[in-house]
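Subject: Structure handover

Hi,

Here is the structure I said I would pass on. My notes follow below it.

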Amino acid sequence: LKTKKTDVELKNVLKNLLISYIVTAVLIVFLAFLLYKFPLPKQAIGVGVIIIYIISTFLGGLLLGKNMKVKKYLWGLLLGVGYFVVLAIVSLIVNGGFQNVSGNFLLTMILCAGSGMLGGMLS
């Protein structure tokens, strides 16, 4: 069977999205370790999670851009948006709907999309 270009592209996006979530999991465990060892203020937790999102989507966009070769910034943007969509769906399921969604929702979307796009641009 001959693989289509779109199949290869979809596989690359999904593979790099998975890599981004693995990086997220590792960094969240590291943040939890820091919280266990040191008395960090509550604001540090939120900032730490946002930094983790930025690092994860940047790295995913960077790796995806290296794989795709053309329009890397768009592929990075797609990865960042995909990362946010999965994150939002899980968050909405856990929170039981939109009533508990904070104002950081839009900011998180912009940071994920922008970090993925920047990663793609720098690849």
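The buried residues of helix α4 are Thr108, Cys112, Ala113, Ser115, Gly116, Gly119 and Gly120. Buried means under 20% relative accessible area, exposed over 50%, and partly exposed in between, with a 1.4 Å probe and protein chains only. Seen down the axis of α4, these buried residues fall within an arc of 160°, so they line one face of the helix. The arc is that of the directions from the helix axis to the C-beta atoms. In general, an α-helix has 3.6 residues a turn, so residues three or four places apart point the same way.

On the other side of α4, Leu106, Met121 and Leu122 are exposed. The cover over the buried residues of α4 includes α2 (42-68) and α3 (72-95).

This is a predicted model: local features need pLDDT of at least 70, side-chain atom pairs count only at pLDDT 80 or more, and totals for chains, interfaces and linings use all residues. Residues are numbered from 1 along each chain as its sequence is written, and side-chain values use heavy atoms, with hydrogens and water left out.

The length of α4 checks out. Its 19 residues (104-122) should span 27 Å at 1.5 Å a residue, and the end C-alpha atoms are 26 Å apart, which agrees. The expected span is 1.5 Å times one less than the number of residues.

Lys69 is not a glycine, yet has a positive phi of about 75°. Lys71, also a residue other than glycine, has a positive phi near 50°. Most residues other than glycine have a negative phi. Lys69 is exposed, at 62% relative accessible area. Lys71 is exposed too, at 56%.

From the N terminus, the order is α-α-α-α. Helices (H or I, at least four residues) and strands (E, at least two) are DSSP runs, numbered from the N terminus. The C-alpha atoms fill a box of roughly 55 × 30 × 25 Å along the principal axes. Of the 123 residues, 32% count as buried.

Among contacts (heavy atoms within 4.5 Å) between residues at least 6 apart in sequence, 80% join residues at least 24 apart. The accessible surface comes to about 8,000 Å², and carbon and sulfur atoms account for 75% of that. Areas are from the Shrake-Rupley method with a 1.4 Å probe; for residues, only the protein chains shown count as cover.

Best wishes
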